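This briefing is meant to be read beside the sequence and the coordinates.

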Amino acid sequence: MSRRTLSGTVALGFFALAFVLIAVAFGTPSWLVSDYRITGAKLDRFGLWSHCFRSLPDPQDTYQKRFFVGCRWIYDPFTTGYDEIRGYLVPDFMVVTQFFFTISFICMLIGAILSLLYFLCCGPDMSKFLLLIQAIAIIVLVAGISGGIAVIVFASKANRIGWMPGHANNFFGWSFALACIGVIAALVSATLYFVEAVIQIKKRDHLKDSQARFTMETKA
């Protein structure tokens, strides 16, 4: 029996693509960006964990005397007043987006380890080979579904009126696009892993039948 079929090989390719895209999207701050042609824009780039502002006024300062400029980690402990506007920067929908996309990223990390075992070490002659393929398929499926929830929530809530300033000039950036493509690639990879598991089950059953027939013919 061959180590893997075409579906398994393609599943690995889609997984590698999904892993890279989701990892890059997870760590880059271009989920929501402002039109660079707008000179007076207050927002520059906005990501899951870090944000870049050109001149964001403190939403809690009625006199507009404090502004936030430059890129900062969302949990920056050093900038005065930044912790006070964290609730504004990370509303409920952002918490949901962060939570589900983090689950997606963690699942992809686990899937990467298992996929390496599938690619380098395990073969059909091992008793846990089918279990390994099924585990990868389930984990990557969870990653795809969790990532899908994250991007859907972000797409439906992020560019709304009343949150980030300059609503009309903001649009979804390349990090968000990578997240969307990565989620789709993860779902395709999970589907192909399930197909690979079915094929390996059929091949194993066929091999057992062939061996049984050979044994009967030998005895006869």
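The points below describe a predicted model, grouped by topic.

**Fold and surface**
- The protein has five helices and five strands, and these follow one another along the sequence in the pattern α-β-β-β-β-α-α-α-β-α.
- Of the 220 residues in the protein, 44% are buried, while the exposed surface comes to about 11,500 Å², of which carbon and sulfur atoms supply 69%.
- Among contacts in the protein with a separation of 6 or more, 66% are between residues 24 or more positions apart.

**Nonpolar core**
- The largest nonpolar core holds 51 residues, and the members that touch the most others are W31, L89, F101 and Y193.
- At least two residues of this core come from each of α1 (6–27), β2 (43–46), β3 (50–57), α3 (92–121), α4 (129–157) and α5 (174–219), with α4 giving the most, eleven residues.
- In soluble globular proteins, nonpolar side chains tend to be buried together.

**Aromatic rings**
- The whole structure contains 14 aromatic pairs; in one of them, F99 and F100 have ring centres 5.2 Å apart and planes at 80 degrees, and because an angle over 60 degrees counts as edge-to-face, the pair is classed that way.
- F99 is partly exposed at 49% relative accessibility, and F100 is likewise partly exposed, with a relative accessible area of 23%, since partly exposed covers the range between under 20% for buried and over 50% for exposed.
- A cluster joined by ring pairs is made up of F26, W31, W49, F101, F105, F154, F172 and F176.

Terms used:
Residues numbered from 1 in each chain as written. Predicted model: local features only at pLDDT ≥ 70, side-chain atom pairs only at ≥ 80, totals over all residues. Heavy atoms only, no water. Core = buried A, V, L, I, M, F, W, Y, C linked by side-chain atoms within 4.5 Å. Buried < 20%, exposed > 50% of the residue type's maximum accessible area, 1.4 Å probe, protein only. Helix = DSSP H or I, 4+ residues; strand = E, 2+ residues; numbered from the N terminus. Contact = heavy atoms within 4.5 Å. Areas by Shrake-Rupley, 256 points an atom, 1.4 Å probe, with all protein chains shown as cover. Phe/Tyr/Trp six-rings, centres within 6.5 Å; stacked < 30°, edge-to-face > 60°.
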